[in-house]
Amino acid sequence: MTLTPEQMLASHKAHLETLFGLTSKAFEGVEKLVELNVTASRAALSEAANHTQAMLSVKDAQELLALQASMFQPLAEKTAAYSRHLYDIASGTSTEIGKTFEAQASEAQRNFSTMVDTAARNAPAGSETGVAVLRSAVSAANTAYESVQKAVKHASDVAEANFSAVANTATNAAKNATANAVPRKR
């Protein structure tokens with residue numbers, strides 16, 4: 001089966017549109033990452049200045065320990081929030097790119113199935129067994145592809161659940177450490 005010049009041109013145009021779409025999605029992800037890092041850096045600088053001012057006003061060791069202990073929980077929460085934002089950006093960008101690849105794969109599967117059907121209709125008499133084997137192979141490949149997609153989705157869901165559990169555990173540990181580290185006044 002040969003492609004006409006119009007079909008080839010349309011195919012190249014579709015591939016270029018896909019390429020530019022993927023590039024755009026990647027840049028959007030990088031843009032969000034830069035924005036997150038600038039915001040986090042600005043907040044960290046401001047907090048460092050405030051903390052330095054607070055440390056300069058400390059009168060004794062007990063007050064210094066209390067000040068240091070009071071920083072653990074907010075720091076852990078901010079670290080967890082930053083990690084969550086980072087994960088969301090990466091996950092969102094990956095999902096968008098994945099959708100594009102899925103659409104391309106679906107289109108390729110349809111085109112290949114159409115080609116197999118056309119070849120089967122134009123096959124010489126007596127080649128029914130070969131056509132049946134080819135259709136069976138195409139069906140098996142499609143089933144395998146769908147299984148891989150489901151496994152990747154499941155792995156992604158498990159990774160997200162694990163990430164959330166680790167972030168919650170870290171935040172709770174920081175809360176407990178802060179509660180235990182704050183000196184009690186007598």
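Biologist: What should I know before I start?

Modeller: This is a predicted model, where local features need pLDDT of at least 70, side-chain atom pairs count only at pLDDT 80 or more, and totals for chains, interfaces and linings use all residues. Residues are numbered from 1 along each chain as its sequence is written, and side-chain values use heavy atoms, with hydrogens and water left out.

Biologist: How do I read a helix, and how many residues does α1 have?

Modeller: Helices are DSSP runs of H or I with at least four residues, strands are runs of E with at least two, and both are numbered from the N terminus. The expected span of a helix is 1.5 Å times one less than its number of residues. Helix α1 covers residues 5–56. It has 52 residues and reaches 76 Å from its first C-alpha to its last, close to the 76 Å expected.

Biologist: Which residues make up helix α2, and how far apart are its end C-alpha atoms?

Modeller: Helix α2 covers residues 61–121. Its end C-alpha atoms are 89 Å apart, which agrees with the 90 Å that its 61 residues should span.

Biologist: What is found at the start of α2?

Modeller: A polar contact is a pair of N or O atoms within 3.5 Å; within protein, one must be able to donate a hydrogen and the other to accept it, and residues adjacent in sequence count only if both atoms are side-chain atoms. Here a side-chain oxygen of Asp60 comes to within 3.4 Å of the backbone nitrogen of Gln62.

Biologist: Now burial. Which residues of α1 are buried?

Modeller: Buried means under 20% relative accessible area, exposed means over 50%, and partly exposed lies in between (1.4 Å probe, protein chains only). In α1 the buried residues are Thr18, Leu22, Gly29, Leu36 and His51. Helix α2 is included in what covers them. In α2 itself, the buried residues include Leu67, Ala76, Tyr87 and Val116.

Biologist: Why does His51 count as buried?

Modeller: His51 counts as buried because its relative accessibility is 16%. This residue sits in helix α1. Contact means heavy atoms within 4.5 Å. Leaving aside its neighbours within four places in sequence, His51 is in contact with Leu67, Gln68 and Met71.

Biologist: Which residues is Tyr87 in contact with, leaving aside its neighbours within four places in sequence?

Modeller: Tyr87, in helix α2, is in contact with Ser156, Ala159, Glu160 and Phe163. Tyr87 and Glu160 are 73 residues apart along the chain, yet their C-alpha atoms are separated by 8.6 Å.

Biologist: How do I spot a salt bridge?

Modeller: Side chains of opposite charge can pair when their charged atoms come close. The rule asks for a side-chain nitrogen of Lys or Arg within 4 Å of a carboxyl oxygen of Asp or Glu. By this rule the count is 5 salt bridges.

Biologist: Where does the salt bridge of Lys78 lead?

Modeller: Lys78 pairs with Glu47, and the closest N and O atoms are 2.6 Å apart. This pair links distant parts of the chain: Lys78 is in helix α2, Glu47 is in helix α1, and they are 31 residues apart. Lys78 is partly exposed, at 41%, and Glu47 is partly exposed, at 34%.

Biologist: What about Glu96?

Modeller: Glu96 forms a salt bridge with Lys25, with the closest N and O atoms 3.6 Å apart. That pair also links helix α2 to helix α1, across 71 residues. A network of salt bridges links Lys25, Glu96 and Lys99.

Biologist: How far apart are Asp88 and Arg84 along the helix?

Modeller: An α-helix has 3.6 residues a turn, so residues three or four places apart point the same way. Asp88 and Arg84 both lie in helix α2, 4 residues apart, about one turn. They form a salt bridge, with the closest N and O atoms at 3.4 Å.

Biologist: Last, which residues form a nonpolar patch on the surface?

Modeller: Patches are made of residues with over 30% relative accessible area and no salt bridge; like charges are joined within 9 Å, and nonpolar side chains (Val, Leu, Ile, Met, Phe, Trp, Tyr) within 5 Å. Accessible areas come from the Shrake-Rupley method with a 1.4 Å probe, and for residues only the protein chains shown count as cover. Leu16, Leu19 and Phe20 form such a patch, with about 320 Å² of accessible area together. Leu16 is partly exposed, at 46% relative accessibility.
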